[in-house]
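Me: I have a model open and want to learn to read it. Can we start with the sheet?

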Amino acid sequence: MSVPDKKKIAIIGGDGIGPEVTREAKLLLEWYASRGLAIDLWELDLGADRFLRDGTSMPKEIFIAIQRECSAVLLGALGDPRIPSMEHARDILFGLRFGLDLYANIRPVRSLADRLVPLKGRGKKDVDFVVFRENTEGVYVGVGGQVRRGTPEEIAINEDVNTRKGVERIVRAAFEYAKTHGCKRVHMADKSNAMRHAHELWLRVFDEVRREYPEIQATHVYIDALCLYMVQDPSQFEVIVTNNLFGDIITDLGAAFQGGLGMAASANVHPAVPGRVGLFEPVHGSAPPLAGKNVANPFAALLTVGMLLAHLGWPEEERRIEDAVADALEAGKCTKDVGGSLSTQEASAHVRERLQGS
Ligand code: NAD
Ligand code: IPM
Ligand code: MN
C-alpha cells in the first residue's frame, strides 16, 4: 500500500557492492524522511540471490506496482559472476529502462575536487558537462541472433536499431535541457561516416532539431574524435547527446575525469512527461572484487539520491548533497579510491553529518 501524499521510492540494492552503497543511499533517504520530506521507501528483494533462489528476476506484479505507485526507483548495481549470462540483470535493468520507456539516461560528468581530475593541468572547473544517452534503442534492443553457434562458420549479429521517434526525442531532450539550464553548446556524437544508414538518421535529425534552438551552438562530432576531444579539453563540452552504446562508453570515460566510477551518478527518465517514474542508479556496476568488504565508494549512490530528489521536486537537495560530498572529499573523509581511508559506511555517515550541520 502506498501512503497518500507521499512519494513512493522503490529500492533495489541488487548485486555485489550494490546493496552496500544502496544501504547508504537508503540511510540518506531515511534521514530526509525523518526531517519531514514526504517520501515512502519500499525495499525490494531483487537481484542475483533471488534469481538463484527461485528463478524470478523482475516479477510482473512488482513492475506494475512500480509503474502505478512509484515516483522513483533507486537501484544499486546488477551483475554477478554466478550468472554469466546476465539474464536477471537484463530483466531488471532493461525491464525498467525499456518497460518504463525511460528514454533519457542523463549522466552528469562533474568533478567535485581538483585532485580527482587525472588530466594534466586540469581541475574541476574544466569538468562539468552532461551526457544525454539514448536509453531505449540501439544495439541494446537485442535484435539479432547467432547462426551455426559453436562452429567455425558461426555468425553473430546484434542490430543497431534507431527510430526517427527515438532519435528525435533524445536530441530534443538534450536541447531542452541546454535551454532550461543556460547552456550554450550541444554536441551530438555518432559514427555516421561508417554507419551510413543508422547514424545518417542521427545527423539529419540533429540538423533539423537544432534549427528550433538557434540560440544554442550545435556541433556534430564523430564519436572517435569526441573521445580525443574529451581528454584534450573537457571544458569545451556542456551537453553531449549520443546513442545508447556510445553513451555507455563515454560516461565511463567521463567517470575517470570525476575520480572514477565511485563518483558518477545517473538518472533514467522520460522527460516529455514531468513527474513520471524515473530510475536512478550510480553509473558503476557491481564491482565483484570489492563486494562485502565495506570499501566501495558510496558517493556515486549518494549523488544519485540527489538526482532522485531533484526529480521528485526538491532540486535544492541535489545541490546540498553535492556540496556535502565535495566538502567530504576536501577533508579527505572518503574511501580509498578517491584518496581517503574511510570505509563505505564511515564516508557515507560523514556526508550525513555534514548535511546535518549545513
Ligand atoms: P564496475 O563498474 O563494477 O567496475 C569497474 C571498476 O570501477 C573496477 O575497478 C571497480 O573496482 C571500480 N568501481 C566501481 N564502482 C566502484 C565504487 N563504488 N567504489 C570504488 N570503485 C568502484 O564494472 P565491471 O567490473 O565492468 O562490471 C562488474 C559487473 O557489473 C558486471 O556484471 C557488469 O555487467 C555489471 N555492471 C552493472 C551496471 C549496472 O547495474 N548499472 C553497470 C556497469 C556494470
Ligand atoms: C550501465 C551498464 C549497463 C549498460 C550494463 C550492465 C548492461 O554498463 O548502466 O552503464 O550498458 O547500460
Ligand atoms: Mn556502463
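Reply: Ten strands, or 10 in figures, form an open sheet with mixed pairing, in the order β2-β1-β3-β12-β11-β4-β5-β10-β8-β9. Strands are DSSP runs (E, at least two residues), numbered from the N terminus. Two strands pair if DSSP finds at least two bridges between them. This is a predicted model: local features need pLDDT of at least 70, side-chain atom pairs count only at pLDDT 80 or more, and totals for chains, interfaces and linings use all residues. Residues are numbered from 1 along each chain as written, chains are lettered from A and ligands numbered from 1 in written order, and side-chain values use heavy atoms, without hydrogens and water.

Me: Which are the edge strands?

Reply: β2 (39–44) and β9 (217–222) each pair on one side only.

Me: In which sense do β1 and β3 pair?

Reply: Parallel, over 6 bridges, with β3 spanning residues 70–77. Val 73 in β3 is the bridge partner of Ala 10.

Me: Which residues come nearest to ligand 1?

Reply: A residue is near if one of its heavy atoms lies within 4 Å. Around ligand 1 there are 19, and Leu 78, Gly 285, Ser 286, Ala 287 and Asn 297 come nearest.

Me: Where are polar backbone atoms placed against ligand 1?

Reply: One of Gly 285 is 2.7 Å from a ligand oxygen. One of Leu 78 is 2.9 Å from an oxygen of ligand 1.

Key: Polar contact = N/O pair within 3.5 Å; in protein donor to acceptor, adjacent residues only side chain to side chain. Helix = DSSP H or I, 4+ residues; strand = E, 2+ residues; numbered from the N terminus.
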